[in-house]
Amino acid sequence: DQRELNRLRRQPNRSRDDVSIQVHANAESREGVAEAHALGATGIGLYRTEFLFLRSNDLPEEQEQFQAYRDLVLGMSGRPVTIRTLDLGADKADRTGLALRDEPNPAMGMRGIRLSLARTGLLETQLRAILRASGYGPVRILLPMVTMREEVRAVRAELDRIAAELRREGHEIAPHVALGTMIEVPAAAIALSGFISDIDFVAIGTNDLIQYLLAADRNNDALGELHTLLHPAVLRVMRDVLLLAKKHAIPASVCGEIAGDARFSPLLLALGLEEFSVHPSSLLEVRRTIRSCDVHALRASAPSLMRARDRAQIEQWMQRQLAS
Ligand code: PEP
Ligand code: MG
């Protein structure tokens, strides 16, 4: 089995019926990025910048951030990297004093893009660092916890202003850096058609999207299996997002934990997913599963999946795909 996985490492990411599927990695650490590269990840689909902010008492300055992002870009030698702006909130214990303390409901509080837009200089420093790194290879910028169009427009304006400023200063930056949003707040998923023309790609964050759709804390074990992909509402929202992205010809990925669970790969392919982003340790298993799937047949069976009315019926659909 190990030998088979080793062989797989060098094979292209194609399904049994020859559909090209991207399998990116979620990685932050130097080791994680090296592993992703060695295992044939098509890119970095999610680089969580929080860790830069969590490891010290001081806010990382532009130069420190720039070096981290540049190393990431160079580490992937030309494959695209997706850098997510800070997703800090009261749920993550930072020592910089940036996030609010003791929020009554951190998951619904001042986190992600809300915090970045509220703190003067935070977004500017981060965007400058990311744009400077774009001079070293393909970079995409991803915004966490987007709820509404206004947030995207505010970042876009800032991004354009900063890009012009950096060019005036003589920095070599990429002519175009893609700007995308996480789809993890249900309102953003539902209202996506209203701002899809403002963005270049989307990344579905199922950890949070499921949490908010099902009102089920992603970290509360007492809820058992309530935090699940296998709920008709979750499938419906994801399918709508994927279809809309396809219609507008923008890339759409899933980068929550479930993307790395190969049991769900056929289901995600049926929903129309063409871009996975998974923990490096899941890369080979997910790629192997995709290689065994008939993507056209899975997509053709999407209507029957969408008719499922409960978890048991969704699981029956999954069983049927295994049998075919
Ligand atoms: C998600 O919410 O699914 C996600 C990928 O982001 P994070 O786990 O960092 O909240
Ligand atoms: Mg999230």
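Q: At what angle do H4 and helix H6 pack, and how far apart are their axes?
A: First, a bit of background: this is a predicted model, where local features need pLDDT of at least 70, side-chain atom pairs count only at pLDDT 80 or more, and totals for chains, interfaces and linings use all residues. Residues are numbered from 1 along each chain as its sequence is written, while chains are lettered from A and ligands numbered from 1 in the order in which they are written. Now, H4 and H6 (residues 122–133) pack at about 35 degrees, with axes 8 Å apart. Axes here are lines fitted to C-alpha atoms, for helices over the stretch in contact, and angles run from 0 to 180 degrees between N-to-C directions. Helices are DSSP runs of H or I with at least four residues, strands are runs of E with at least two, and both are numbered from the N terminus.

Q: Which residues make the contact of H4 with H6?
A: From H4, Glu62, Gln65, Phe66, Tyr69, Arg70 and Val73 take part, and H6 brings Thr125, Gln126, Arg128, Ala129, Ile130, Arg132 and Ala133. Being in contact means that the C-beta atoms of two residues, placed from the backbone, lie within 7 Å.

Q: Why is Arg84 called buried?
A: Arg84 has 26 other C-beta atoms within 10 Å, so it is buried. You'll find Arg84 in strand S3 (residues 81–84). Leaving aside neighbours within four places in sequence, Arg84 is in contact with Leu46, Tyr47, Arg48, Thr49, Leu142 and Pro144.

Q: Which residues in the largest nonpolar core touch the most other members?
A: Those are Ile44, Tyr69, Leu72, Ile130, Ile183, Ile204 and Val241, out of 82 residues. Such a core is a set of buried Ala, Val, Leu, Ile, Met, Phe, Trp, Tyr and Cys residues joined through C-beta atoms within 7 Å. Helix H10 (residues 232–247) gives the most to this core, with seven residues.

Conventions
A residue is buried if 20 or more other C-beta atoms lie within 10 Å of its own, exposed if 12 or fewer, and partly exposed in between; C-beta atoms are placed from the backbone.
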